[in-house]
Amino acid sequence: MNRIDSLGALDVLREKIRSARDPERSCITICAGSGCLAYGTRDLVDHFREEIRRHGLEERVDLRTSGCHGFCERGPMAVIDPRRIYYQRIGLGDAREIIEKTILGGEIIDRLLYEDPLTGERIVCVDDVPFYKKQLRVVFAGNGTIDPERIEDYIGIGGYEALEKVLSAMKPEEVIREVGEAGVRGRGGGGFPVGRKWAATRKATGSPKYVICNADEGDPGAYMDRSLLEGNPHSILEGMIIGAYAVGANLGYIYVRNEYPLAVRNISRAVETARECGLLGTNIMGSGFDFDVLITRGGGAFVCGESSALFASIEGRVGEPRAKYVHATDKGLFDRPTCLNNVETWANIPLVIRNGVSWYRGIGTAGSKGTKIFSLVGKINNTGLVEVPMGTTLREIVYDIGGGIPGGRRFKAVQTGGPSGGCIPEQFLDMPVDFDALTEIGSMMGSGGMIVMDERTCMVDVAKYFLKFLEDESCGKCTPCREGILQMRRILDRITEGEGEMEDLETLTWMGAAIKDGALCALGQSAPNPVLTTLRYFREEYEAHIRDKRCPAGVCKALISYTVDGEACTGCHVCARVCPSGAIQGEKKEVHRIDPAKCIRCGACYEACKFDAIRII
């Protein structure tokens, strides 16, 4: 593509791209996010390409790979335009049938359609699938429609239009005011007003100034930022360039963890392409504004998601946090004024500028504007990435979009905000999800992780799991975090092993408060949240572990044993086949029994029994 040397040239190019496309032409868009790649998308694309070639359809059918479509539970998947046909769980052998029956014959292949588990209806159009229908995709919209390696695709859907508007008609102060009036808040965890951060960076003395994209997404089960980097990298770049113009920076960094190879590749390619096209580097689009981006790959330390630890890592030092009495907007990277936002925040900026303040403020709640992307995982039927307006209730997310709990089991809790977030019980299912509401009940938005738990989840064990994760990820610089998390985890170990005492619950409470007050950075300050919220909302479960020496969920091995209900057992022998220790005895069609001396309490028999004949005692 030719270099864009003037602001008007971008409009001409966009119109050329759009006019060259036939909206009635068949196009097969296959999800090539990391999840679907793990399912074998590369081979699937090769099969489609071969079938298109074999049928001589190169001039009639487009084949495109895109970023993550979000419905990761259903991969590999494809959308066939112009009819918007949604096929899911596609096998290699289905490529020929899709070409011959759907592309050439106009037929719908029923078995590849999504079947609504509630109604049994097979749904043809992707926009009618409940998982997608109940979302509002604005930030994530491009992921399912564009090839992330083709800058033309991004420009064709309005990409870099906001940047053109900023460079041609807006002063830096106007950009900051518009972002502030829109009410954009940071999506990285704290929810700090972006306009205020940008204004502080612009007013700060000292140069050079920097803008940074924090793509060090390390929360268990979270992959929103990774999917945006993989599927729509130019949206992040455009937001960063606009931000740099607003705060007066000429250099930016994208800090992305090296465990995200596809994200690293696609954002690197986007930087190179944007630079080649005159959208990055010197004299951007002939405007006289200079800005470039460097990519730094992190080693995967969770603490490097904290701003000052991230700065240290980019500078080549150990990723440890520093005290926050000096703000990053005054002294951040290399002790220079720095504006740090996360991936999703930067991707929101072009939408605000392009669509206007009123449009953005029309989405969300009074204190939380716009949409939020959540990683919906755990005990949920529809695993994937969902984007909803701020203020959507947990019930809508879990049941209307997520499809509820597998096996008809009961919802127990949802953990939001990553490993430092809180566990929210059933009583808050109708609570609107926004920054302020989550904070009020002891949790937080965080970067957008959302882990659903059912009745078979032990909340004491969950708290212990997240504390162990944070214990391992603590940098060890400050005593409250280094020693406090360790001691809290040891108390939880004792409780789950049947050695806890009632006094431990008070100890956990005051230790949690002390760590929150004394830790140096946000990792330590928020680390007690999983323990404090589970104590607050599931205290009876802790008491059962201590007083009754029993794990109600049947998870903590030291506190459970299994037996066979003779009236329910059919002698199907499934439990005996899955038992790894040979503890289950009995002939087929006879009532079985469990030898407690051999039982290792792994729960395999409990999970396998279809007749609820295995009971926890």
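1. Start with helix α18, where Met 459, Val 460, Val 462, Ala 463, Phe 466, Leu 467, Phe 469 and Leu 470 are buried. This is a predicted model, and the remarks that follow should be read with that in mind.

2. Helix α18 itself covers residues 459–473, 15 residues in total. From its first C-alpha to its last the helix reaches 21 Å, close to the 21 Å expected at 1.5 Å a residue.

3. Next, the sheet. Four strands form an open sheet in the order β2-β1-β3-β4, and the pairing is mixed. The edge strands, β2 and β4 (85–88), each pair on one side only. From one strand to the next, the twist averages 20 degrees.

4. Within this sheet, β1 and β2 pair in the parallel sense, over six bridges. For a specific contact, look at Ser 66 in β2, the bridge partner of Cys 31.

5. The largest pocket has a volume of about 1,400 Å³. It is lined by 49 residues, and those closest to its centre are Gly 188, Gly 189, Gly 190, Gly 305 and Ala 522. The elements that give two or more residues to this lining are α9 (194–203), α13 (307–314), β10 (338–342) and α21 (522–526).

6. Which element gives the most to the lining of the largest pocket? The answer is β10, with five residues. By residue type, the lining of the largest pocket divides into 23 polar, 15 nonpolar and eleven charged residues.

7. The second largest pocket has a volume of about 640 Å³. Its lining has 26 residues, of which Arg 21, Asp 22, Cys 27, Asp 62 and Arg 64 are the closest to the centre. Two or more residues of the lining come from each of α1 (7–19), β1 (26–31), β2 (61–66), β3 (77–81) and α6 (151–156).

8. In the second largest pocket, α1 supplies the largest share of the lining, four residues. The lining of this pocket divides into 13 charged, nine nonpolar and four polar residues.

9. The sheet and the second largest pocket can be viewed together. The strands β1, β2 and β3 each give two or more residues to the lining of that pocket, and these strands also belong to the open sheet of four.

Technical notes. Residues are numbered from 1 along each chain as its sequence is written. This is a predicted model: local features need pLDDT of at least 70, side-chain atom pairs count only at pLDDT 80 or more; totals for chains, interfaces and linings use all residues. Side-chain values use heavy atoms; hydrogens and water are left out. On a 1 Å grid over the protein atoms alone, a cavity is a set of points where a 1.4 Å probe fits but cannot get out, and a pocket is an open set with protein on both sides within 12 Å along at least five of seven lines; lining residues have an atom within 4 Å of a point. Grid points are joined across faces, edges and corners, and a volume is the space filled by probe spheres set on the points. Ala, Val, Leu, Ile, Met, Phe, Trp, Tyr, Cys and Pro count as nonpolar, Asp, Glu, Lys and Arg as charged, and the others, Gly among them, as polar. The expected span of a helix is 1.5 Å times one less than its number of residues. Buried means under 20% relative accessible area, exposed over 50%, partly exposed in between (1.4 Å probe, protein chains only). Two strands pair if DSSP finds at least two bridges between them. Axes are lines fitted to C-alpha atoms, for helices over the stretch in contact, and angles run from 0 to 180 degrees between N-to-C directions.
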